[in-house]
Amino acid sequence: MSRCGEAAAAAATVPGAEVGGAGLRPPMVPRQASFFPPPVPNPFVQQTRVGAAKRMQMFFLGIILLPVRAIWVAVTLLLAWPFAVILTACFPEKLTHPVTGWRRKMAQPVLKFLGHVLFFSMGFIVSVKGKIANPVEAPIFVVAPHSTFFDGIACVVAGLPSMVSRNENVQVPLIGRLLRAVQPVLVSRVDPDSRKNTINEIIRRATSGGEWPQILVFPEGTCTNRSCLITFKPGAFIPGVPVQPVLLRYPNKLDTVTWTWQGYTFIQLCILTWCQPFTKVEVEFMPVQVPSDEEKSDPVLFAGRVRSLMAEALGIPVTDHTYEDCRLMISAGQLTLPMEAGLVEFTKISRKLKLDWDGIRKHLDEYAAIASSSKGGRIGIEEFAEYLKLPVSDVLRQLFALFDRNHDGSIDFREYVIGLAVLCNPANTEDIIQVAFKLFDVDEDGYISEQEFSTILQAALGVPELDVSGLFKEIAHGDSVSFEEFRSFALKHPEYAKIFTTYLDLQTCYVFSLPEKSQPPPSCASNKVSPENRDESTSDKKDD
């Protein structure tokens, strides 16, 4: 198929390409399909609705259960504290060698027993499935889905293995001492080398041959609503040692445990849970997973395989959300957008489009500037046109349809980021910017006047009466636009590059669609407004 035919076919299949026409949805190539929206739009929100009858039941039960359980929890923690002191006395917070000998033999069984008592006092009925691997068989436990602070029950059931925790947590009175008793791997937020040091410590312990306690890791790194498994961080898989997956389920009619970014607070969940007659939890130890040689050298591959096995056992999908999506959610809320607007599946987007956190965060600011005036925090065709300071035309509708990947008539933040990276940024090259400037500079004096600017845009958009004075003033610092001003604006606003390349494609199609005898030489593929110096224009067109 010729380039003209390909362009015509593509234009015919873009929804909204024809005025008043719905159009057909273009077939998805593999790259497009890989950017389909996730099966779970927002795994970081939980809305538990409690009916009136249930509220009354909880109220009357809470009168008795709440104070009894609160006292029981406090007494259990106080009983555990002296044994934690015995286990950790004379040892630094950051251990250089494991705690062994009589201390561990005496204190460890007592603390494990009191851990079971603690969760029983809060009303948890625990059922355990599968066989717990020993430290030689599996130095690391990976637990998912991580949905609540009550997930610490997995640590108790597994025999109090070490956990990864922040330095600040061991400073908390009473709780900090109990945390030190499990010999945690401590992470510092102020140390720039903390991530590297943490990974090295995990590797050191995991490859000690059973000298250190096993390590328990929540590879998701943040709490979700258990509707899916989000991206596993590779830290637990970097040592290249066997891991034992551990599944957590809370099969209760009323969910009072899920602790997400949008939902009940810590205190509210404690009250709701302690007012229940009981809360069921299932802890399942899956078969140990041994990495292949390829997975030992690629922890991301190992993490992906283990996550897929766990998701299959749980009967839930996987998504590419991660903790950075939570940060984007918070940023979206601060920009007066719905918090869900910040969810982009950061892992997938950053990997496939070569974008980092700062780049996506910058795009969020740009998106908020466009969408803040619209309802629901999404960009419609009117907001899109207003942002570009252009009228709604066929060319603009085609560009909008390319951004609108699910064809629902609006652009969300995820579609905006993908559109900029896939459609606009590749078209916004230095060569394209130079060609564009030469096309606008009709008299070739090295500057673009408002008249020249208006003439070309009217032709590109097919709007004879187009008023571009507002857009021109945004680019120009005076009565005309220099190349540096033009280049600076183009780099900041790559959306215009796609409009320009579409215009060039249409011109090319027009030339090659002429009868062979009436076709001008290739040099005539330049802009009609600028017929001079056609040889130079031909070279530019070939570069494009």
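Between which strand and which helix is the loop where Leu 174 is found?

Modeller: Happy to! Leu 174 is found in the loop between strand S3 (162-166) and helix H6 (175-180). This is a predicted model, in which local features need pLDDT of at least 70, side-chain atom pairs count only at pLDDT 80 or more, and totals for chains, interfaces and linings use all residues. Residues are numbered from 1 along each chain as its sequence is written, and side-chain values use heavy atoms, leaving out hydrogens and water. Helices (H or I, at least four residues) and strands (E, at least two) are DSSP runs, numbered from the N terminus.

The backbone at Leu 174 is worth a glance: phi is near 65°, a positive value in a residue other than glycine. Leu 174 is partly exposed, with a relative accessible area of 27%. For these classes, buried means under 20% relative accessible area, exposed over 50%, and partly exposed in between, with a 1.4 Å probe and protein chains only.

Now to the sheet that holds S3. It is an open sheet of seven strands with mixed pairing, in the order S1-S7-S6-S2-S5-S3-S4. Strand S1 (124-129) and strand S4 (185-187) stand at its edges with a single partner strand each, so one side of each has no neighbour in the sheet. From one strand to the next, the twist averages 25°; axes are lines fitted to C-alpha atoms, and angles run from 0 to 180 degrees between N-to-C directions. Two strands pair if DSSP finds at least two bridges between them. Strand S2 (residues 140-144) and strand S5 (residues 215-217) run parallel and are joined by three bridges; Ile 140 has Ile 215 in S5 as its bridge partner.

Two further loops deserve a look alongside yours. In the loop between S2 and helix H5 (153-157) you will find Pro 145. The peptide bond that joins Ala 144 and Pro 145 is cis, with omega of about -5°. The loop between S5 and strand S6 (243-249) holds Arg 226. Arg 226 is not a glycine, yet has a positive phi of about 65°. At 17% relative accessibility, Arg 226 counts as buried, whereas Leu 174 is partly exposed.
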